[in-house]
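Colleague: Please take one part of this model and look at it closely. Then carry the account on from there in one connected answer.

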Amino acid sequence: RLPVANGGREVDVFLTGVPYATGQADQDPGQLRGMTEGLGIRSAIMVPLEVAGTRRGVFLASSAHPDFFTEDDARFLEAVSRWVGMIAHRTELTERIATEAREQGRRVAADELIATLAHDLGNILVPIKGRIDLLQRRARREDRPRDLRDVEEAARAVDRVVSLVADLLDSSRLEQGLFALNRQPIDFVDLVRETCAALTTSTVPIRVDVSNQDVVLAVDPNRIRQALENVLSNAIKFSPVGAAVVVELDVESAGAGCCAVVTVTDRGPGIPPELLPRLFDRFARGPGSSGLGIGLYLASRIVAAHG
């Protein structure tokens with residue numbers, strides 16, 4: 001590997017793609033002194049090496065004898081360069097296909113595991129939720145406030161697990177193309193306000209700024225609410241205490257129509273740059289994250305499903 005900044009004929013060939021040949025290298029001011037004086041090179045042929053249309057390097061044949069190479073040698077080296085480029089491209093394609101096959105196998109196995117796990121968890125949670133509802137009614141009827149608070153906390157914990165199972169099932173359905181929308185006209189401003197009001201806390205409040213009060217969209221309200229909840233939960237989780245999460249709603253032109261734009265801003269540490277390229281991939285998680293990495297994936301796919 002030679003630094004491009006050092007210059008020299010090799011670098012010229014690499015940058016321009018034009019072959020070079022000389023039988024008097026020591027008389028060429030464009031040659032590096034390390035080549036002619038250090039290595040004693042007098043004759044040289046250089047041709048570019050390209051793999052799938054991208055220049056990767058330079059082939060160099062050299063000799064300590066003046067006027068050593070012929071035109072046939074130059075043509076031969078060009079043929080070698082093309083052959084090596086073709087073999088390298090074929091090897092890279094084979095490696096890519098093998099990598100994609102392994103990744104596809106992992107995705108299929110993950111989907112099967114997710115679907116099975118979510119289904120089994122759902123079967124377990126139904127009787128547990130039924131028992132908790134029964135205890136809740138009994139505690140309320142017998143006026144036992146302490147027991148009622150404990151049962152309500154348990155009910156909230158079960159609801160969180162039920163929500164997680166639903167997210168797991170949704171992510172599996174999205175991967176399999178089984179995700180359906182139930183569109184209906186809704187007041188989008190009200191939906192955003194209601195979702196924010198349900199998630200705001202005393203430690204991390206949510207402030208809503210709306211520039212246009214009249215926004216009616218034909219969407220699946222449950223799915224859009226799910227997308228908003230996932231993004232907002234993420235923002236709340238990483239926000240410092242007392243720092244408000246700001247939700248802005250605007251309308252922008254989009255071709256012949258228009259679209260609603262929701263912006264969620266928090267005062268947390270921000271998204272690590274290395275995570276940005278795969279931020280909306282399934283199971284993508286940042287450092288210190290305790291989640292499964294499906295919240296933002298679901299949010300992005302729900303929005304994409306709405307067009």
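Modeller: Start at Ser63, whose side chain reaches the backbone nitrogen of His65 at 3.0 Å. That is a polar contact, meaning a pair of N or O atoms within 3.5 Å; within protein, one must be able to donate a hydrogen and the other to accept it, and residues adjacent in sequence count only if both atoms are side-chain atoms. Two points on reading what follows. The model is predicted, so local features need pLDDT of at least 70 and side-chain atom pairs count only at pLDDT 80 or more, while totals for chains, interfaces and linings use all residues. Residues are numbered from 1 along each chain as its sequence is written, and side-chain values use heavy atoms, with hydrogens and water left out.

Ser63 sits in strand E3, which covers residues 54-63. Strands (E, at least two residues) and helices (H or I, at least four) are DSSP runs, numbered from the N terminus. Ser63 is buried because its relative accessibility is 9%. The scale runs as follows: buried is under 20% relative accessible area, exposed is over 50%, and partly exposed is in between (1.4 Å probe, protein chains only). Set aside the neighbours within four places in sequence. Ser63 is then in contact (heavy atoms within 4.5 Å) with Gly40, Ile41, Arg42, Ser43, Phe68 and Phe69.

E3 gives the most to the lining of the second largest pocket, with four residues. A pocket is found on a 1 Å grid over the protein atoms alone, as an open set of points with protein on both sides within 12 Å along at least five of seven lines; lining residues have an atom within 4 Å of a point. The volume of this pocket is about 270 Å³. Volume here is the space filled by probe spheres set on the points, with grid points joined across faces, edges and corners. The lining is made up of Arg1, Leu2, Val4, Glu10, Val11, Phe14, Arg56, Gly57, Val58 and Leu60. Helix H1 (9-16) and E3 are the elements that give two or more residues to it. By type, the lining has six nonpolar residues, one polar and three charged. In this count, Ala, Val, Leu, Ile, Met, Phe, Trp, Tyr, Cys and Pro are nonpolar, Asp, Glu, Lys and Arg are charged, and the others, Gly among them, are polar.

Val4 is one of the lining residues. Val4 lies in the segment before H1. Its relative accessibility is 44%, so Val4 counts as partly exposed. Neighbours within four places aside, Val4 is in contact with Val11, Phe14 and Leu15. Val4 and Phe14 are ten residues apart along the chain, with 8.8 Å between their C-alpha atoms.

The structure holds 14 salt bridges, each a side-chain nitrogen of Lys or Arg within 4 Å of a carboxyl oxygen of Asp or Glu. One of them joins Asp12 to Arg9, with the closest N and O atoms 3.4 Å apart. Both residues lie in helix H1, three residues apart, about one turn of the helix. Asp12 is partly exposed at 35% relative accessible area. Arg9 is partly exposed too, at 23%.

Another salt bridge pairs Asp159 with Lys129, the closest N and O atoms being 2.8 Å apart. Asp159 is in helix H4 (residues 145-175) and Lys129 is in helix H3, so this pair ties together parts that are 30 residues apart in sequence. Relative accessibility is 36% for Asp159, which counts as partly exposed. Lys129 is partly exposed as well, at 31%.

Arg225 lies in helix H6 (residues 221-238) and Glu194 in helix H5 (residues 188-199), so the pair links distant parts of the chain, 31 residues apart. Arg225 is partly exposed at 25% relative accessibility. Glu194 is partly exposed at 48%. Shared partners also build a network: salt bridges join Arg9, Asp12 and Asp28 into one.

Back in H3 (residues 71-141), look at Leu135. Leu135 is partly exposed, with a relative accessible area of 42%. Its C-alpha atom is 19 Å from that of Val161, 26 residues apart along the chain.

End at helix H7 (residues 295-305), where Leu296, Tyr297, Leu298, Ala299 and Ile302 are buried. Gly307 follows H7 and has a positive phi, near 85°.

Methods. 1 Å grid on protein atoms, 1.4 Å probe; cavity = no way out; pocket = protein on both sides within 12 Å on 5 of 7 lines; lining within 4 Å.
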